[in-house]
Amino acid sequence: YQKYVNYLLDKNYAYKCYCDSVSLDKQREEALAKDPKNPWKYPGTCRHQTKDFDRPYVVRFKAPTDGAIDFDDIVFGKKSFINKENFDFVIARSDGSFLYNLTVVCDDIDMEISHIIRGADHIKNFSSQYMLYNAFNANIPKMCHLSMMLNEQGLKLSKRDAAVSVCEWKSSGFSPMALNNYLIRFGWSFGNQELFSMEELISKFKLENCGKVDGRFNLKKLEHINTEHLKSTTLTPDASYAQHLSPFLSSLGHNLTTEQIIPFIPLTRTRSKTFVEAANELDPILRTEITIDQVAKEKLITEQVKRYLSIYNNLLDTITTWTEDNIRAATSWWLTANNLVLKDIGQPVRLAIVGRTNSPELFQTMAAIGKDRVMKRIVDIIK
C-alpha cells in the first residue's frame, strides 16, 4: 500500500496534510451546529502545500472538483456522482496505516479483479474508488451492487440479529442448502420458482436478474423453504439428510452411522421442519428406555384401555414378519373384529411406545422400534 501511496504523491495526485485533528474537529463541530444537514468537508488547507514539516501528517487524495463520475452498475444501471461534491479524502493515516478505499483498490489491481459484487450500501464508496483507479491508470472492474437484507424492523442487520449468524442457523437444525436457497431468492428471481437445487442455481442464476429493492428478513419464509427442502428427496437426498441429522442425534446420545440413520428418515421427512425436530422425533424410537408423559398417562390409560392393550399385545405377538403393512393389516382386522376404531387404542399405543401422544405415523413407528421393544413397552405401561 505504501508503494501505491508513494506513486500518488510523486504524480501529484495526493499530498501530505499537516492539519492537526483538534482544529479539524472544531471546524467539523462548527459546521454541524450551523447546518446539521450539510456534512462538513475538508477545505483543502494543505492541498497546495509543497514544503515538508517535521511533524505528523496524513496523506490526502486530490479529488477532482469539475465534471462528474459516470459508471454502469449491473443491477442498478447508470449511476452518476457530481465532482463538485467531492473533498480531499484521507488514504493514509499519520500512524502509517491505510484506509479502506485505498486498500480495496490496491488489492483489486494486484489481484486483477474483473467484477466487484457487494451490498448496495457501498455504492457511495465507489466515487472515491473510481478516482483512485483512474489515478493508477488501472482497469475499472465491472460493478454490481446488490439489494440489502434488513432485519424484521426494517433496519440494517447487526450482530445482535440472529439472522446474520450462519452458526446460529446450523445449531438450530436448518439445512445449509435451504438457507442458501432463501438468501438467493431474497434478492433474485427466476419466474415463480421458489425451490432450487445447487445445480439449478448454477445454471439459472444471472446477476442481471437481481432486484434493486431492499427487503426484510422473514423467518416464516425461511422456515417454509427449509421444510420443503427436508421433505424433498431430490433437494435433500437420504445420505445428505442423514449426514446433517447425525450431530443432533449424537447430542441426544445416539451415535449412529449414516447408513444406520437412513432407514429412520421416512419417519421424519414430512413432519420435521428442522434437523433438531427430526432428532427429537427419533429420540424415543432409538432409546432402550423411554420417559412416559405422566399427565397423558393418567388421562389415557384407563382400566378399559389396559384390557384393550393387553389383548392387542397378544395380537402383535402373532405377527411373524414385522413390517408396517403387516402391523396395519393385523390391527385393522382386530379392530373390526372387536367393534373398535383406531382412536380407541391409537393414542394409548403411541404413548406406550414413544412416551408421548405425538409421533410419526403409528405403524411406521412400531415397525421402526421393533416387535420385542413395542410389546415390552405396552406391557410396561399396563403395569
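I looked up E112 and found it in the loop between α3 and β6 (115-119); helices here are DSSP runs of H or I with at least four residues, strands are runs of E with at least two, and both are numbered from the N terminus. The model is a predicted one, in which local features need pLDDT of at least 70 and side-chain atom pairs count only at pLDDT 80 or more, while totals for chains, interfaces and linings use all residues. Residues are numbered from 1 along each chain as its sequence is written, and side-chain values use heavy atoms, with hydrogens and water left out.

I noted that E112 has a positive phi of about 55 degrees, although this residue is not a glycine. Most residues other than glycine have a negative phi. E112 is exposed, with a relative accessible area of 69%; I take buried as under 20% relative accessible area, exposed as over 50%, and partly exposed as in between, with a 1.4 Å probe and protein chains only.

I then turned to N137, which sits in the loop between α4 and β7 (142-146). Its phi is near 55 degrees, again a positive value in a residue other than glycine, and N137 counts as exposed because its relative accessibility is 70%.

**Helix α1.** Which residues of α1 (residues 2-10) are buried? I listed Y4, V5 and L8, and they lie on the same side of α1 because they cover an arc of only 100 degrees around the axis, the arc being that of the directions from the helix axis to the C-beta atoms. The face turned away from this buried side carries the exposed residues K3 and D10. The buried residues of α1 pack against β1 (14-17), β2 (58-61), β5 (90-92), α3 (100-110) and α4, where contact means heavy atoms within 4.5 Å. After α1 comes N12, whose phi is positive, near 65 degrees.

I recorded an open sheet of three strands in the order β1-β2-β5, with antiparallel pairing; two strands pair if DSSP finds at least two bridges between them. The edge strands are β1 and β5, each pairing on one side only, and neighbouring strands are turned by 45 degrees against each other on average, direction ignored. Four bridges join β1 to β2, with K16 having V59 in β2 as its bridge partner. Two bridges join β2 to β5, and here R60 stands opposite V90 in β5.

How do the side chains of β2 point? V58 and R60 point one way, V59 and F61 the other way, and all of these are buried. In a regular strand the side chains alternate between the two faces of the sheet. I also noted that α1 lies across β1, β2 and β5 and runs at about 100 degrees to β1; axes are lines fitted to C-alpha atoms, for helices over the stretch in contact, and angles run from 0 to 180 degrees between N-to-C directions.

S128 has its place in helix α4 (residues 126-135) and counts as buried at 13% relative accessibility. Not counting residues up to four places away in sequence, S128 touches F89 and N101.

C210 lies in the loop between α7 (198-204) and β9 (215-216), and is buried, with a relative accessible area of 12%. Leaving aside neighbours within four places in sequence, C210 is in contact with V75, L146, G187, W188 and F205. I also checked C210 against S147, 63 residues apart along the chain, and their C-alpha atoms are separated by 8.0 Å.

**A helix pair.** Last I looked up α16 (residues 342-354) and α17 (residues 362-369), which pack at an angle of about 35 degrees with their axes 11 Å apart. In this pair L342, G346, V349, R350, I353 and V354 of α16 meet L362, F363, T365, M366 and I369 of α17. By class, the contact has eight nonpolar, two polar and one charged residues; Ala, Val, Leu, Ile, Met, Phe, Trp, Tyr, Cys and Pro count as nonpolar, Asp, Glu, Lys and Arg as charged, and the others, Gly among them, as polar.
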